[in-house]
Number of protein chains: 2
Amino acid sequence: MEENVSSAGQENGRDHGRDTRSRLRELALQLFAEQGYEKTSLREIAEQLGVTKAALYYYFKSKEDIVRSLVEDYVAQIDDLIAWGKDQPRTAATRAEIVHRYMDIVVNGTEVFRMLQQNQAAVSSLASAKERGELFRERMDSLVDLLAGPDAALRDQIRAASALMSISIGCMHYQRRAADPAELRAALLDVATELADAAPEQAALGPKS
Amino acid sequence: MEENVSSAGQENGRDHGRDTRSRLRELALQLFAEQGYEKTSLREIAEQLGVTKAALYYYFKSKEDIVRSLVEDYVAQIDDLIAWGKDQPRTAATRAEIVHRYMDIVVNGTEVFRMLQQNQAAVSSLASAKERGELFRERMDSLVDLLAGPDAALRDQIRAASALMSISIGCMHYQRRAADPAELRAALLDVATELADAAPEQAALGPKS
DNA sequence: ACCTGAACACCGTTCAAGT
DNA sequence: ACCTGAACACCGTTCAAGT
């Protein structure tokens, strides 16, 4: 597992040469999330870092490998959540717990998730540690199965998927303009837990506002 | 407004030279959606079309301009929906109608929306006919305002946003593996209309399944 | 009107070489 | 261990020129 972006923790106590590798990761994340993965060139990163393009290849074996190192931690956290969920009874309490934990993971890595979301195509062919593609899609499916059950009706699968999407996209989209982050968190959890539980009888014909 | 991808309708009745421009658009959409915008090179497109890279610049003034021409129609349809919604009373019936119309637009252009979703960063700086960036973000905000009201509580804004996201992502994600498209449509509309209406009293503590 | 060939600046990547 | 300089194939774009 890789170190986190914000915490360096190398033995070098200096200030200027303070861990080129972690400065690189921090800068790359910021640029990838802001302007996009493909629109950010290695020359641009190298320049702002004060090194040559070629120097980056000392730390990472490719441009995609930088993304992999940024995403790794969060993929692992989601895998942990899935593993944990598989051992739990399928109750409303478990579903609420899954929703809460998923929220914490996303809140913790908002910048990384924003970057992933904005560069899906560019990043979808990422080979994680083992050999896989489809970085998030199948993990989403696993979480949906945990929430709705593997043989759930289509409608309840969609509710579960919507719950997860509301959390991730809600975080990334509203975090910057919501006055109170705690209020946002509560609102998202509220909507997500409602969705994570099975559908009410018939909802197609909504009541008067 | 641009012609649709599937309907050519030029005066040339031949088969081989049958409208290079529309063949180009069709092929580009397919490749952009499948492998991503940045991973698809103009050389690749030109080769499969049997022309030179430079020939593409006779039809479109840049690579991004191809995307613009693919997206244009759907942006216009959404603008129409927003304009229509602004003249309606804010009732449950109006909300249901907005949700239905939005769904029809997305279903009609699934491939285009999939491509947009997968290449957000690459495409976000697209200058539409007038001069704007932020192709979809602000339109989403407009639709949310129509559904929840401009001074709605954060929770209801999120519900409205989730309703729209469930439809688009649900279409793109489940369309290929859902057995019956009508069932998918019904399920998505069900979830979306439930979300488009205001929240029930308190939902944070879900009932037993 | 429709297309080509050749050139342009830029990109990610490699590699031998320097300290 | 950490980095440079120069080269590679490829990219999107332009443009004069051909039919």
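Start with chain A and its contacts (heavy atoms within 4.5 Å). Among contacts with a separation of 6 or more, 66% join residues 24 or more positions apart.

Before you click further, some ground rules: this is a predicted model, where local features need pLDDT of at least 70, side-chain atom pairs count only at pLDDT 80 or more, and totals for chains, interfaces and linings use all residues. Residues are numbered from 1 along each chain as its sequence is written, chains are lettered from A and ligands numbered from 1 in the order in which they are written, and side-chain values use heavy atoms, with hydrogens and water left out.

**Stop 1: colour chain A by secondary structure.** You'll find 10 helices and 0 strands. Helices here are DSSP runs of H or I with at least four residues, strands are E runs of at least two, and both are numbered from the N terminus. Buried residues (under 20% relative accessible area, 1.4 Å probe, protein chains only) make up 49% of the 209 residues in chain A.

**Stop 2: select residues 110-118 of chain A.** That's helix H6, and 8 of its 9 residues are buried, so it is largely enclosed by the rest of the structure. The buried ones include A:Phe113, A:Arg114 and A:Leu116.

**Stop 3: show chains A and B together.**

**Stop 4: bring up DNA strand C.** Which residues come nearest to DNA strand C? Of the 17 around it, they are A:Arg43, A:Tyr57, B:Thr52, B:Tyr58 and B:Tyr59. A residue is near the strand if one of its heavy atoms lies within 4 Å of it.

**Stop 5: zoom in on the phosphates of DNA strand C.** The side chain of A:Tyr57 has an N or O atom 2.6 Å from a phosphate oxygen. For A:Lys63, pick the backbone instead: a polar atom there is 2.8 Å from a phosphate oxygen. From chain B, a polar side-chain atom of B:Tyr58 also lies 2.8 Å from a phosphate oxygen. To finish, highlight helix H2 (42-49) of chain A and helix H3 (56-59) of chain B, the elements that give two or more residues to the surface near DNA strand C.

Definitions and conventions. Buried < 20%, exposed > 50% of the residue type's maximum accessible area, 1.4 Å probe, protein only. Polar contact = N/O pair within 3.5 Å; in protein donor to acceptor, adjacent residues only side chain to side chain.
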